[in-house]
Amino acid sequence: MIDRRRFLEGIGTVALTTAALVALAGPGSLAGLDFIGRAEAQTIDVAKLMEAGPLPDQVQGKADAPVTIVEYASMTCGHCAHFHETTYPVLKEKYIDTGKVRFILREFPLDIVAKAAFMLARCAGEGKYYPMTDTLFETQKSWAFTNNPAQALLGIAKQSGMTEEQFNACLSDTKLGGEIDESAKRAATEFGIDSTPTFFINGKKFSGAISPEDLDKELAPLLGAN
């Protein structure tokens, strides 16, 4: 895990503004994670789960799909990356793209580097959230656990079409940073999230990465003949 000091050192090398430090590490940020573990829940009413939060959901799939899967993830979580490299492609091809599943990835960053990565995904532009998170998960080892994560993230941002100025502006966005913090706090206090990845499949809670086989097993009775 990249600690706060190492990330701030990396930030200095790409000349981020003071506002960026406030957005990433200011009061109310996730640095302390003091809200973890305040609530526990095994099943959540789907209507409650889908109530509007601090951030608009990035939704994949049909709005009227019979199954809704919500994933809470951290961009620096190795188990999350493994899920997105192995199970998620199956989920997308077999269930999301065929109209059977509505999928939503929600931000639950466990450290300041993960928060920065999620901010970049939110800043990527219309329709680019999932392509950016896919790229970040695929390349996680090249940026999340380096001595200079800020520089590595800047390189990924540039490859996606973002300029250095846009990169700096994104990480200086205190409103976005605060919304990510509030979204994660809501997940902990209202839905009992205390680790990543955590999934809700039609409201039923699952902690830890899910294999393609386990996914098929869980979805079969929910989909029936669909």
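Reader: Is Asn202 buried, exposed or partly exposed, and what makes it so?

Author: First, a caution: this is a predicted model. Asn202 has a relative accessible area of 28%. Buried means under 20% and exposed means over 50%, with partly exposed in between. Therefore Asn202 is called partly exposed.

Reader: Where is Asn202, and what is its phi?

Author: Asn202 is in the loop between S4 and S5. Its phi is positive, about 50°, although Asn202 is not a glycine. Most residues other than glycine have a negative phi.

Reader: What is the peptide bond from Thr196 to Pro197, cis or trans?

Author: That bond is cis, with omega near -5°. Most peptide bonds are trans. Pro197 lies in the loop between H11 and S4.

Reader: Why is Thr76 called buried?

Author: Its relative accessible area is 11%. The cut-off for buried is under 20%. So Thr76 counts as buried.

Reader: Where does Thr76 lie, and which residues is it in contact with?

Author: Thr76 sits in the loop between S2 and helix H4 (78-86). Neighbours within four places in sequence are left aside here. Thr76 is then in contact with Asp111, Val113, Ala114, Gln140, Trp143, Ala144 and Phe145. Take Gln140: along the chain, 64 residues separate it from Thr76. The two C-alpha atoms are 6.8 Å apart.

Reader: Why does Ala63 count as exposed?

Author: Ala63 has 66% relative accessibility. Exposed means over 50%. So the label for Ala63 is exposed. Its place is in the loop between S1 and S2.

Reader: What makes strand S3 mostly covered?

Author: S3 spans residues 101-107, and seven of its seven residues are buried. Val101, Phe103, Leu105 and Glu107 point one way. Arg102, Ile104 and Arg106 point the other way, and all of these residues are buried. In a regular strand the side chains alternate between the two faces of the sheet.

Reader: How do you know that S3 pairs with S1 and with S2?

Author: Two strands pair if there are at least two bridges between them. S1 (residues 59-60) and S3 have two bridges, in the antiparallel sense. So S1 and S3 pair. Within that pairing, Val59 stands opposite Ile104. S2 (residues 67-73) and S3 have seven bridges, in the parallel sense. So S2 and S3 pair as well. Here Glu71 has Leu105 as its bridge partner.

Reader: In what order do the five strands lie, and which are the edge strands?

Author: The order is S1-S3-S2-S4-S5, in an open sheet with mixed pairing. S1 and S5 (204-207) are the edge strands, since each pairs on one side only. S4 (residues 198-201) meets S5 in the antiparallel sense over four bridges.

Reader: How do H6 and H10 cross, and which residues meet?

Author: Two packed helices are described by the angle between their axes and the distance between the axes. The axes of H6 (residues 112-123) and H10 (residues 164-171) come within 9 Å. They cross at roughly 115°. The crossing is right-handed. Ala116, Met119, Leu120 and Cys123 of H6 meet Phe167, Cys170 and Leu171 of H10. By class, this contact has seven nonpolar, no polar and no charged residues.

Reader: And what are the values for H6 with H11?

Author: The axes of H6 and H11 (residues 174-191) come within 10 Å and cross at roughly 115°. This crossing is right-handed. H6 brings Lys115, Phe118, Met119, Arg122 and Cys123, and H11 brings Leu176, Gly177, Ile180 and Asp181. These divide into five nonpolar, one polar and three charged residues.

Reader: How many helices and strands does the protein have, and what percentage of its residues count as buried?

Author: There are 12 helices and five strands. Of the 226 residues, 49% count as buried.

Methods
Residues are numbered from 1 along each chain as its sequence is written. This is a predicted model: local features need pLDDT of at least 70, side-chain atom pairs count only at pLDDT 80 or more; totals for chains, interfaces and linings use all residues. Side-chain values use heavy atoms; hydrogens and water are left out. Axes are lines fitted to C-alpha atoms, for helices over the stretch in contact, and angles run from 0 to 180 degrees between N-to-C directions. A crossing is left-handed if the near helix is turned anticlockwise from the far one by less than a right angle, and right-handed if clockwise. Contact means heavy atoms within 4.5 Å. Ala, Val, Leu, Ile, Met, Phe, Trp, Tyr, Cys and Pro count as nonpolar, Asp, Glu, Lys and Arg as charged, and the others, Gly among them, as polar. Buried means under 20% relative accessible area, exposed over 50%, partly exposed in between (1.4 Å probe, protein chains only).
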